[in-house]
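Q: I have the sequence and the model open side by side. Could you walk me through how to read it, feature by feature?

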Amino acid sequence: MDAILLQILNGLDKGSAYALIALGLTLIFGTLGVVNFAHGALFMIGAFCSVTLQKILTLSSETLSATEKDFLGNPLKIKTPYVESWFGPEVGASIIDWAVPLAILFAIPVMLFIGFAMERGLIKHFYKRPHADQILVTFGLAIVLQEVIKYFYGANPIPTPAPSAFVGSFDFGPLLGLDTSLAYPYWRLVYFGFSAMIIGAVFAFLQFTTFGMVVRAGMADRETVGLLGIDIDKRFTFMFGIAAAVAGLAGVMYAPINSPNYHMGMDFLVLSFVVVVVGGMGSLPGAVLAGFMLGILESLASMNEVKAIIPGIDQIIIYVVAIIILLTRPRGLMGRKGVMEE
Amino acid sequence: MSFSNLTRRGLIKTSAVAGAGLALPTYLRADGHSGFTNAPTGDTVTLGFNVPQTGPYAEEGLDELRAQELAVQHLNGEGDGGMMNTFSSKALKGNGILGKKVAFVTGDTQTKSDAARASAKSMIEKDGAVMINGGSSSGVAVAVQGLCQEAGVIFMAGLTHSNDTTGKDRKANGFRHFFNGYMSAAALAPVLKNAYGSDRKAYHLTADYTWGWTQQESIAAATEAMGWETVNNVLTPLASTDFSSYIAPVLNSGADVLVLNHYGGNMVNSLTNAVQFDLLNKEVNGKKFEIVVPLYSELMAAGAGKNVEGVIGSMNWNWQLQDEGSKAFVKSFGEKYGRPPSNSAHTCYVQTLLYADAVEREGTFNPCGVVEALEDFEFDGLGNGPVLYRGDDHQCFKDVLVMKGKENPTNEYDTLEIVEVTPRAQVEYPHDHPMFAGGDLGKCNPGA
Amino acid sequence: MFGLEKRDTRLLIIVAIMALAAPFILNPFPTDSAMAQFNAGYPDLMQRFVIFGILAIGFNLLFGLTGYLSFGHAAFLGVGSYSAVWMFKLLGYNIIPGMVLSIIVSAVFALAIGYISLRRSGIYFSILTLAFAQMLFAIAYSDLIGRFFGTPITNGETGLQVYTSDPQYFHNENLPNIPHLFGQEMQSTYTLDVAGWSFDFSFGYYLCAIIMLLTFYLAIRIFRSPFGMMLRAVKSNQQRMNYTGLNTRPYTLAAFVISGMYAGLAGGLLASMDPLAGAERMQWTASGEVVLMTILGGAGTLIGPILGAGFIKYFENIFAKINDNVLHSWFSFMPDGIEDFMVTIIHPFVGKGWHLTLGLLFMLVVIFLPGGLVEGGQRIGRMFSRKKPSDDAADGTTTPAE
């Protein structure tokens, strides 16, 4: 029982990353009809926003140590972050400690800008082009973004720890009246809460604002909305920015869970496409639902008890589920007719 | 449509060509008359450095490349000579190899067996390389070793830790300086016993591919021999990025040690996840919970950051060693690149020197001569103390380092500390040990 | 000629000449010159060009004609390779049984996967094929089947190889210990040295090239056949086809299977040239590569996919090998400061940065040449023959992608 509960927690946590990426991808698919293979790269850039802020905050002045030597026998350079010398060691250290949450503020403008720039500079010219061309150009862009990050940060993962306040785990065991422990890391709980908040915010925005209403109308029937004299293009550009920001924020907060590296976006790319399609093309709730569902199923499949029955099931479960769902429900869980079916 | 007709015609045509081919004598490369592939004719000799330059191990590949370039400089008599001055064999004179200036070509293995073989092939076919060196995964090493055996060039393996490289998949033209899973286990077991006691329950997470399997097998055998119990061994997909669902059940499994048979990005993530779950601060069975990472590398430790603190693992070599050879190497590497070399860099550097020395001693680039010179060759002064290149399986035997994540690193390179240098005698094994059985070196192949 | 129209015959002849003269065409620079780095005329790469050409031609038969974008085509490539290597292990190194089996097995897999996946269209179809391919990849990479039977079937991430202890039923001492065709080794190469140039004529390459020409010929026939017309009709409007009472599924399934067999043949050839089957060749990145090759070259055109395949493989194998030493040797004639400057500028784009160059070129090609590399060729062609623009537009090789 406790094992299953733990895996469901895990699934919710994994699922929240899947759901956030898929949500952004669906915004781009659903609103603009563009197959964006660079979406994983946006997630990666988000994570590197955390890394970058951490690097900026730890920019240091160097002094030579009188006693200690480095590996060549020269005097060791002792680094003191500027932040620490400006605000005092304690305040400075805690600012550095909170680099990842602070990176949210840093990432929002960066990601919105990247989103706008991508849409205006590149994607705009590909609305009328075949999906194949969109794949090629966005895949090319993904490689370029990835290589640029590699050029500046190297290929090795870069540790980006969570604030020390969130180190450790919370034990659900006593809370649920179980006699075994059910410990789950704080930061992963934070990640889940954060994702739920973002997902809620995106839905509220689309549901309750006039802007959102127009965008939804545009998703349903772009031409008619255009005929009504509404400049839908501008709003779509904005939605692209939002989608990039959602992917980016998913990445920012993901950095402490796994040290970011330049190809982490590619690891998520294929999976996020599967999530979107299983959820159903053009359906935002579908993307979120599929994200959480696949996350939970993947976690449950990696339980030892399950693996004992079918070895290796954890490696293929997502694809098995995708096949079953697409064969029983022609347009995924909640897909609309006629979107990307041609 | 009548395609069947056409394909049959195609078949006949093909067979006709094949027949024509049969009638022709097999022409070989022009330089093949000297009796072996890519015999150097001019005043240079070309070595092929095949390392991962893209993908997750790119950083490691880069470090190998640095070391290889340094080795070439030293061979050509540039720089301070590095380990050539401390090497017990004095055949190398700093005038290239056999008087020929050393040139090199580089390639990208992408850490994929296919790509690595393509890259090695281009070095052999296009650039005329007589030796291939480098790599950072056992899958790639085994694949390239097989290719070199077929093509008739020497393969000096880079970082490859699977027992299979010099076990099941050993080849006469291939040589491994790096240590292996069995040696890691033999070196770690006594240290683990001292540190954590002999009554422990271990939970293994193992990367689901050849290297992971052989390492897990070795570690389980060695720790069980000293009284540990293996509670569970869970195979994790290599493509995993999030290990939470494999780590979550560990605490309630009754185990009090977690062994992570992972390498590279897998290890960085699984260790980070394990620390997230706060395993190191838990107590199980009345003992403090511990994590073991059997194979360490500097780059992985850097990627995992603070999470390595207090975690024990093993290494082939480390820049903190204080013998003359290591000091000379760290000095010339550090002065050139401003950073200490990693243990994969050390292996690639040493392998290049060893190859050059073997050629020099034997007086020929012929792979069979090199094999003869390297088999059962004993040397010293290249770090690791006295070393034996065993002829039976082309595995090097030398001291193994047991490392521990440093509590308060003073700088970015100072992440690990040496706990113990396990002497060579303790990690030796017969070449037909069951974990290495089933292999056949075959005969050295000079190619053309 | 050969039952082809004039312009197709012309195209076939051009491709044939290019394929047969490849050792000359791809080695334009003298061996000792600094530009020799760009020579691609060594056996392994030439073989890759034509083998991936076969793969892309086959992929284009499905995607170019029907518009169905399969994102799991690498699975058939891998299945073909594994079949071939198993034949080497069981029967011996003669490549014929391996090739035959690789085509048969990939056809069986394509039939099964296609039968299920073709129940859906558009992106749903793409994701189904992707899911199947990723499943096969996972199974091969961790050798899940082998674990079930207790003996290696795919030999995991190391790749399936031939060992001396394998049965090799038809092998005997007179036969070479590497893949061969009735005794003629794939590796055997005749090197022609003319002045500073060196040209490699490899038996393996010519075998691949001839097979490629045959498959290319077959592809032209399919493009021009009533069957091809039917597939194109499916692409332009499947619904209308269905309303006329015609069941399109058998046609698309046939295209899928043929395309899978092309991939299987390519896989078998790959194993024949280099007897090792690695699981990576089934991964989604490999499937994606085929898609990119086809789009890059020009989807729906006859020759485009071959160009795309050559383009990508060239970058992978040539650009990845350019290191700083090579750069310095190119610019050594310049003054020191400028030399270092040039090296610094170019450094990020070569060697370990070859991906960056490839990514940039993908973008440039698709932005400026909407029809792929084929369109680039046409534009160049038009520049030289301004007089007959209408003739070019009517050229059958330029059927646009959509």
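Predicted model: local features only at pLDDT ≥ 70, side-chain atom pairs only at ≥ 80, totals over all residues.

A: Two strands pair if DSSP finds at least two bridges between them, and the strands themselves are DSSP runs (E, at least two residues), as helices are (H or I, at least four), numbered from the N terminus. In chain B, an open sheet of five strands has the order S2-S1-S3-S4-S5, and the pairing is parallel. Its edge strands are S2 and S5 (174-176) of chain B, each of which pairs on one side only. Neighbouring strands here are turned by 20° against each other on average, direction ignored; the axes behind that angle are lines fitted to C-alpha atoms, for helices over the stretch in contact, and angles run from 0 to 180 degrees between N-to-C directions.

Q: Is S1(B) mostly covered or uncovered?

A: Burial is a neighbour count: a residue is buried if 20 or more other C-beta atoms lie within 10 Å of its own, exposed if 12 or fewer, and partly exposed in between, with C-beta atoms placed from the backbone. By that count S1(B) is mostly covered, as six of its eight residues are buried.

Q: How many residues of S16(B) are buried, and what does S16(B) pair with?

A: Five of the six residues of S16 (residues 400-405) of chain B are buried, so this strand is largely enclosed by the rest of the structure. S12 (residues 312-315) of chain B pairs with S16(B) in the antiparallel sense over four bridges. S17 (residues 416-422) of chain B is also antiparallel to S16(B), joined by six bridges. Look for Met403(B): this residue is the bridge partner of Gly313(B), and Met403(B) also has Ile418(B) in S17(B) as a partner.

Q: Now the interfaces. How many residues do chain B and chain C put into their contact?

A: Two residues are in contact if their C-beta atoms, placed from the backbone, lie within 7 Å. Chain B brings 42 residues and chain C brings 44. Elements giving two or more residues on the chain B side include H2 (58-75), H3 (113-125) and H4 (138-151). H1(B) gives the most, with eight residues. That side of chain B divides into 17 nonpolar, 14 polar and 11 charged residues. For those classes, Ala, Val, Leu, Ile, Met, Phe, Trp, Tyr, Cys and Pro count as nonpolar, Asp, Glu, Lys and Arg as charged, and the others, Gly among them, as polar.

Q: And how many residues are in the contact of chain A with chain C?

A: Here 32 residues come from chain A and 38 from chain C. H6 (131-153), H12 (264-279) and H15 (313-328) of chain A each supply at least two residues of the chain A side, and H6(A) gives the most, with 12. By class, that side has 24 nonpolar, three polar and five charged residues.

Q: What do the radius of gyration and the burial say about chain C?

A: The radius is taken over C-alpha atoms, and the globule rule is 2.2 Å times the number of residues to the power 0.38. For 402 residues a compact globule would have a value near 21 Å, and the 22 Å of chain C agrees. Chain C has 18 helices and six strands, and 56% of its residues count as buried.

Q: Last one: what is the pLDDT of chain C?

A: pLDDT is the predictor's confidence in each residue, from 0 to 100. Chain C has a mean of 87, with 96% of its residues at 70 or more. Over residues 389-402 of chain C, though, pLDDT is below 50, and this stretch has 24 contacts in the model beyond near neighbours in sequence. The model as a whole scores ipTM 0.91 and pTM 0.90.

Terms used: Residues numbered from 1 in each chain as written. Chains lettered and ligands numbered in written order.
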